Amino acid sequence: MQFHHHGYVSTDPRILPAAGVGVDRPADLPEQIDVLIVGSGPAGIVTAAQLAQFPNVVTRVVERREGRLVLGQADGIQARSVETFQAFGFARQIMEEAYQITETDFWSPDPENPAEIVRSSVTPDDPKGISEFPHLIVNQARVIDYFAEYARRAPARGDIDYGYEFVDLEVTGEGEYPVSVTLRKISGFTGAGINAAKVNDDEGQAVTVRAKYVVGADGARSSVRRSIGGSLAGSSSLHAWGVMDVLATTDFPDYRKKCIIHSAAGSILHIPREGSHLVRIYVDLGETDEHDAGQVRGTSLDEIIARANAILHPYTLDVRDVPWHSVYEVAHRLTDRFDDAATSPDGKGRVFLMGDACHTHSAKAGQGMNVSMQDGWNLGWKLGYVLEGRSPESLLKTYSDERWVTSKNLIDFDHQWSTLMAKKPEEFASPDEVAEFYVQTAEFPAGFMTQYTNPMLIGTDAHQELASGFTLGKRFKSVLTTRVSDAVDVHLGHHHRADGRFRIYAFADAEGERLDAWARWMLEDAESPLARFTPADGDIDAVFDVKAVFQQHHHDVDIARVSRLFLPASGPYGLTDYEKIYAAHPSDDIFEARGISREGAVVVVRPDQYVSAIFPLTATSDLGTYLSGIFLPQR
């Protein structure tokens with residue numbers, strides 16, 4: 001963590017100095033808002049947390065609850081999400097309180113006594129080593145807490161305005177704030193976050209605000225989606241599940257492991273929760289009639305517990321407490337639009353949808369919260385860029401283009417997974433069918449199959465072979481390196497924080513001559529990205545965090561000979577930043593691990609950690625041309 005560059009700090013260094021709209025942030029909603037976010041779930045709060053790094057953007061989050069979420073329904077945290085937590089600065093803290101999944105046990109009917117279940121196989125949770133981070137289980141409420149705290153500590157001092165219900169909106173297309181939004185105070189609650197307070201004289205009062213953009217993160221029954229004429233379309237599986245968080249005693253030996261259980265009496269997905277005692281159990285309630293009219297949702301808790309015991313036979317589950325339970329029918333639905341561009345007066349997207357407002361599916365693949373957070377991060381930095389004048393408004397169209405494809409792939413995957421979970425034992429081709437599918441598809445639910453292709457943001461694959469392990473459009477897969485200045489071993493990708501900057505990694509050629517020439521161009525040429533797209537009053541790395549990675553052992557890299565590009569002055573005192581120069585780690589050479597050419601390469605990574613472009617060190621004009629399609633000149 002870097003601090004002191006603006007002066008000595010003795011308090012919590014994670015609390016950044018307030019700036020822009022974060023100075024004297026008003027407690028009440030202003031009449032004019034740059035970005036109004038409706039809903040403070042995972043998608044909405046990540047959008048807000050990213051936008052809190054843009055101090056000149058007025059962002060407000062409205063939530064109909066009177067306070068923080070107490071009991072969230074989502075709990076599975078995939079490895080890609082933990083990478084995201086690292087970027088937002090709290091991966092280590094949340095890992096300490098979470099349950100960590102290291103392997104999954106599969107249970108099937110005993111071939112010699114099919115009325116009883118036996119453990120049929122065990123698979124490591126990440127057999128391919130696709131991430132350095134684990135698969136976690138932690139309540140959604142705690143995830144939201146961490147992102148909300150990040151927003152409060154960021155320069156814009158983001159927070160949540162509780163007690164506001166969204167009523168409707170109209171995109172007038174007029175003026176600087178073309179969206180008129182009507183809200184209702186539903187609780188007589190005022191203020192935001194920890195400063196919120198109860199009042200009694202404005203409950204039920206209508207409030208009208210005008211916004212430049214509105215983000216609908218208000219769930220599967222989204223009122224924002226309704227207001228732009230959107231709908232969810234798809235199908236239901238006519239199969240019901242009961243789900244319960246339980247505190248129980250049992251003789252089931254794998255009670256503290258993730259288990260997928262198929263028995264003659266049905267199926268269970270068994271997931272231990274954080275705290276060493278709580279467990280979430282998804283219990284197969286069987287097929288429903290198409291004319292059921294939702295009657296299955298009235299299944300009692302006692303019936304769910306009885307069914308769980310029947311499936312677990314010969315083991316028993318003695319439930320002592322149930323903090324939460326529900327019954328649902330699996331449905332796979334996708335919205336017909338992620339923005340209102342098709343219906344807005346000027347053809348530009350002013351209202352955006354994300355999270356459950358866009359895509360609904362079963363809970364058993366653990367994707368809802370994870371995909372929603374990536375929706376929020378994808379849109380958040382783009383809104384910040386457009387509103388701060390870094391990029392043209394056309395950048396916002398890439399949100400719908402990118403996230404619709406991702407959501408469609410999710411729906412297709414979840415349909416396969418939920419179908420497998422609902423099968424009867426006799427319907428499987430082999431007892432290992434579920435385990436084999438689980439291993440073969442591990443990269444998808446872990447969040448690493450997302451691959452963007454939008455040409456505005458993703459360059460051509462003409463030079464992919466220069467860094468074959470950094471696949472264009474996929475997330476930047478970190479590798480251990482050594483920071484040259486202090487000989488500390490660090491994962492290169494862990495310094496990619498959610499501060500809204502592009503990363504440019506310059507991998508040096510063996511002799512360093514091409515790297516030196518590339519660095520001179522970046523520093524001195526009027527056509528370089530630093531000269532064109534960095535604000536005149538900003539630090540040299542205000543927009544682009546440029547790092548050098550050398551092939552040599554860190555002892556053989558002479559900092560005195562490294563370009564000043566990689567030792568930039570930072571802050572009002574012009575202090576040298578020593579965290580831009582890295583060397584290949586002796587035990588895990590990044591050049592070997594990621595197929596990087598020994599002739600060197602430039603890898604561009606966008607703010608949400610996806611690989612955007614790859615160039616030779618000699619292709620300076622190509623790099624400039626590529627970035628000019630994203631950025632607006634600042635000088």
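Okay, hi everyone. Before we start, a bit of housekeeping. The model is predicted, so local features need a pLDDT of at least 70, side-chain atom pairs count only at pLDDT 80 or more, and totals for chains, interfaces and linings use all residues. Residues are numbered from 1 along each chain as its sequence is written, and side-chain values use heavy atoms, with hydrogens and water left out.

Let's begin with helix α4, residues 140-153.

Now, is α4 enclosed or open? It's largely enclosed by the rest of the structure, because 12 of its 14 residues are buried. Buried means under 20% relative accessible area, exposed means over 50%, and partly exposed is in between, using a 1.4 Å probe and protein chains only. Among the buried ones are Tyr146, Phe147 and Tyr150, and also Asp145 and Arg152. The cover over them includes α1 (42-51), α2 (79-87), α3 (91-97) and α7 (368-387); contact here means heavy atoms within 4.5 Å. And at the start of α4, a side-chain oxygen of Asn139 comes to within 2.8 Å of the backbone nitrogen of Ala141. For a polar contact, we want a pair of N or O atoms within 3.5 Å; within protein, one must be able to donate a hydrogen and the other to accept it, and residues adjacent in sequence count only if both atoms are side-chain atoms.

In the loop between α4 and β8 (160-162) sits Arg157, with a positive phi near 55° despite not being a glycine. Arg157 is partly exposed, at 21% relative accessible area. Gln609 also has a positive phi, about 80°, and isn't a glycine either. You'll find Gln609 in the loop between β28 (601-605) and β29 (611-615), and it is buried, at 7%. Then there's the peptide bond from His313 to Pro314: it's cis, with omega near 20°. Pro314 is in the loop between α6 (301-312) and β18 (317-335).

On to the core. A nonpolar core is a set of buried Ala, Val, Leu, Ile, Met, Phe, Trp, Tyr and Cys residues joined through side-chain atoms within 4.5 Å. Which residues touch the most other members of the largest one? Trp518 and Phe566 do, out of 140 residues. This core takes at least three residues from each of domain 1 (20-71 + 140-232 + 341-401) and domain 3 (464-629), with bounds from an automatic or database domain assignment. Leaving out residues up to four places away in sequence, Trp518 touches Phe566 itself, plus others including Ile504, Val546 and Leu617.

Last stop: Arg514, in helix α10 (513-524). Arg514 is partly exposed, at 37%. Beyond neighbours within four places in sequence, Arg514 contacts Asp509, Glu599, Leu617 and Thr618.

Key: Helices (H or I, at least four residues) and strands (E, at least two) are DSSP runs, numbered from the N terminus.
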